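Reader: Please take me through this model, beginning with the terms that the description relies on.

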Amino acid sequence: MTYNPDLLDPAKRHPEKQKNPDRPAGKKPDWIRVKAPTSKGYEETRDIVRKLHLTTVCEEAGCPNIGECWQKKHATFMIMGEVCTRACAFCNVATGKPDALNPFEPAKVAIGVQKMGLKHVVVTSVDRDDLADGGAEHFVKTINEIRRLSPETTVEILTPDFKNKAGAVETVARARPDVFNHNLETVPRLYPSVRPGARYFISLKLLQDAKAVDPSIFTKSGIMVGLGETKEEVGQVMDDLRAADVDFITIGQYLQPTPKHHPVMDFVTPEQFAEYERMAKNKGFLMVSATPLTRSSHHAGEDFVKLTAIRKARLNSPAK
Ligand code: SF4
């Protein structure tokens with residue numbers, strides 16, 4: 001939930017997109033079905049989030065899995081405010097001039113993690129191109145506060161590209177998150193129209209650099225499909241991620257937040273997702289999640305347990 005009433009208005013939330021023509025998505029196919037957010041667990045999660053004035057990407061991005069995740073008290077915290085300095089064509093997070101960082105935010109997130117009793121937490125952020133370090137230190141403070149209050153909780157971060165600011169990735173990786181996730185979002189050909197403020201090879205390098213700081217950190221990245229990419233291009237992204245030693249790839253269907261956002265070019269069938277999963281496994285990823293409702297942080301806790309077990313098994317296998 002946004003805490004700024006102005007940001008409830010889509011025109012104020014996405015001022016840069018108002019010049020776009022309306023391109024409403026067609027009817028969602030039968031295979032995209034989500035659970036209504038009505039359970040007791042959902043309400044308990046929402047109460048903790050509200051009381052601590054926390055921001056979640058679950059709400060800001062309008063994630064279709066919120067009913068399922070919040071029922072299980074799994075929320076993904078979004079730090080550094082609710083306003084992003086970028087204006088990606090797919091994203092529902094508000095764009096504009098952000099407020100100053102809240103120095104109490106790392107502690108508040110840590111209290112939220114503790115209250116929810118999370119075994120594994122995902123922390124993401126808006127892009128903060130206005131900050132000298134892109135927000136790297138704020139990530140570190142948040143990781144450290146979570147570890148202080150919940151030493152048994154594993155921490156996954158989903159970072160922006162820090163606008164390629166010198167030393168930012170290394171600063172964050174040295175805080176040793178258990179999983180370092182950074183999404184490529186789409187294939188390189190579509191960057192100018194989907195992710196115009198970013199560069200594909202900078203994002204790839206970020207993942208490689210995080211792994212280089214500490215090879216025991218799991219690295220993870222995701223793309224959305226249904227934006228106009230070809231199967232060959234998806235295969236190329238997989239190869240590029242493997243070349244950067246990325247462990248885990250997530251692939252999910254793009255859903256359009258408002259008619260002013262990038263149109264859905266197609267709804268990828270479950271059979272095609274299964275094909276992507278086979279392709280990625282054959283290319284050597286430790287783990288793959290490729291389904292219409294796959295999102296970076298969906299089932300992140302369960303996936304972390306599996307990742308750890310798969311790595312252990314591979315290390316113990318004489319063939320590897
Ligand atoms: S998939 Fe991630 S962003 Fe979506 S509701 Fe679940 S935790 Fe939140």
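Author: A residue is near a molecule if its C-beta atom, placed from the backbone, lies within 6 Å of it. This is a predicted model, in which local features need pLDDT of at least 70, side-chain atom pairs count only at pLDDT 80 or more, and totals for chains, interfaces and linings use all residues. Residues are numbered from 1 along each chain as its sequence is written.

Reader: Which helices each supply at least two residues of the shell around the ligand?

Author: The residues around the ligand include Val 57, Cys 58, Ile 66 and Cys 69. Helices here are DSSP runs (H or I, at least four residues), numbered from the N terminus. Those that each supply at least two shell residues are H3 (57-60) and H4 (66-71).

Reader: At roughly what angle do the axes of helix H5 and helix H6 cross?

Author: Axes are lines fitted to C-alpha atoms, for helices over the stretch in contact, and angles run from 0 to 180 degrees between N-to-C directions. The axes of H5 (residues 105-116) and H6 (residues 136-149) come within 8 Å, and they cross at roughly 40°.

Reader: What radius of gyration does the chain have?

Author: The C-alpha atoms of the chain fill a box of roughly 60 × 45 × 45 Å, taken along the principal axes. The radius of gyration is taken over C-alpha atoms, and the globule rule is 2.2 Å times the number of residues to the power 0.38. For 320 residues, a compact globule would have a value near 20 Å, and the chain agrees with this at 19 Å.

Reader: How many helices and strands does the chain have?

Author: Strands are DSSP runs of E with at least two residues. By these assignments, the chain has 12 helices and nine strands.
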